[in-house]
Amino acid sequence: MERAQELLSVVRPVGWSILGLGIGAMYLATLAHWRELAVIAAACLLLVLFAAPFLLGRTNVDVDLRLEPERVAAGESVAAGVVVKNIASSRLIPTTLEVPVGGSVHRYGISSLAAGAQHEESFMIRTEHRGVIRVGPATTRRGDPIGIFSRDVIWTPVREVLVRPPMVPLESLGAGLLRDLEGVSTDAVSHSDLAFHALREYVPGDDLRHIHWRSSAKVMASTGESSLLVRQYLDTRRSHAAIVVDDVAASWADPDDFESAMSVAASIAVRAVLDEFEVSFVCGETASTGANGHLALDAVCRAEHGSTGIVVAARRATRVAPDCSLLFLVGGPGTEFTDMLRGAAAFPPEVRRYAILIDPAGTSRVTETMGLPVLHLADKNDLGALLRWSVK
């Protein structure tokens, strides 16, 4: 069955049309005794017979698809190339190589190659907007000039060029944050951590390892009473920045506003990585987390409009980044502020939260509503100044 499907797959739509026309003409010629239809039938069948020999022979090559670099900023170019090497023991019959690039297809004629010989083609991939450009698979196509038959062989997997949005430089996100060896200190009291807070009286159930024996001895010596003091700590959170972007298309008055949001998210992610934060990014169905900055930026490249919304995305971010210490919620002119508040409320109170509203029609400023600092961003280049003013 698979063999039959493989044989049928070499017939192209043009081939099926010619075969159908030939068989139909032959049938009508037999019934009506029309010589003209018989001539048409014979011509169609002869075309099929003459095209068949173009399928003879095997294509045994090694194809190397090269992309340098695979991650670029919007507006930059990627140097691409494909090298075809004949690894068969006999000469390669001329064939055609096709390499899809985004919505277009690059076609190259590969001449006859001796055993071990190779053929190289180079081309440039220009990028204009943030996104993902799919390159490949590289496919050899052997067939007749008319396109009746074609035997296609895929030699490489699909590769991707990740196009990042333009970014703006930012100062350290850690400015003004209380930090210790492990991360950002919070107001939550803990029985065991690294940020020492105070001493208190021992109560049954306390870990004996946290008893401060020297202080306990001083108290007992001065009061004459048996009393033990234990260390009390402030809970700490590892420095972890989470960025959540509203993916609903109705929240953005213009597609460029959504792209500005992606630029803001990428800029914050890069700055967080430079500050040695872990970074999480959530936008609709796209999410990533980790200390590797490429993960967040790759996710920014893949982000698209959807129907998730910022509230659901924020709740998902609490699962992606349960140890988050710094949160940025990014929305557009159509994002309901109540949704911003609901998204922020999904995180514990000790997490520092900021809302960023992209609104080119307004003015860049910082406000605070219901305890949530709001950065109104008319121009993405104002991001650094607004963050410098608010994160202090």
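Residues are numbered from 1 along each chain as its sequence is written. In this predicted model, local features need pLDDT of at least 70, side-chain atom pairs count only at pLDDT 80 or more, totals for chains, interfaces and linings use all residues, and side-chain values use heavy atoms, with hydrogens and water left out.

**Exercise 1. Confidence**

Task: State the mean pLDDT of the protein, and find the stretch where the pLDDT is below 50.

Solution: pLDDT is the predictor's confidence in each residue, from 0 to 100. Its mean for the protein is 82, and 84% of the residues reach 70 or more. The stretch below 50 is residues 175-197, which has 61 contacts in the model beyond near neighbours in sequence. Contact here means heavy atoms within 4.5 Å.

**Exercise 2. The largest nonpolar core**

Task: Describe the largest nonpolar core and the elements that supply its residues.

Solution: Begin with the terms. A nonpolar core is a set of buried Ala, Val, Leu, Ile, Met, Phe, Trp, Tyr and Cys residues joined through side-chain atoms within 4.5 Å. Buried means under 20% relative accessible area, exposed over 50%, and partly exposed in between, with a 1.4 Å probe and protein chains only. Helices (H or I, at least four residues) and strands (E, at least two) are DSSP runs, numbered from the N terminus.

Next, the members. The largest core has 36 residues, and Ile243, Val245, Ile268, Phe281, Ile356 and Leu383 have the most contacts inside it. Among the elements that each supply at least two residues are β14 (240-245), α5 (255-274), β15 (278-283) and α9 (383-390). The largest share, 9 residues, comes from α5. Apart from this core lies another, of 23 residues, among them Tyr108, Ile110, Leu113 and Val135.

Last, one member. Leaving aside neighbours within four places in sequence, the contacts of Phe281 include Ile243, Val245, Met262 and Val300.

**Exercise 3. Helix α8**

Task: Which residues of helix α8 are buried, and what covers them?

Solution: In α8 (residues 337-345), the buried residues are Met340, Leu341, Gly343 and Ala344. Seen down the helix axis, they fall within an arc of 160°, so they line one face of α8. The arc is that of the directions from the helix axis to the C-beta atoms. Their cover includes α7 (310-320), β17, β18, β19 and β20.

**Exercise 4. Backbone details**

Task: Locate Pro69, Pro137, Glu276 and Met370, and describe the backbone at each.

Solution: Take the prolines, then the other residues.

- The bond from Glu68 to Pro69 is cis, with omega near -5°; Pro69 lies in the loop between β1 (61-68) and β2 (71-73).
- Gly136 and Pro137 are joined by a cis peptide bond with omega about 0°; Pro137 lies in the loop between β7 (131-135) and β8 (139-143).
- Glu276, in the loop between α5 and β15, has a positive phi near 65° and counts as exposed at 69% relative accessibility.
- Met370, in the loop between β19 (365-369) and β20, has a positive phi of about 55° and counts as exposed at 72%.
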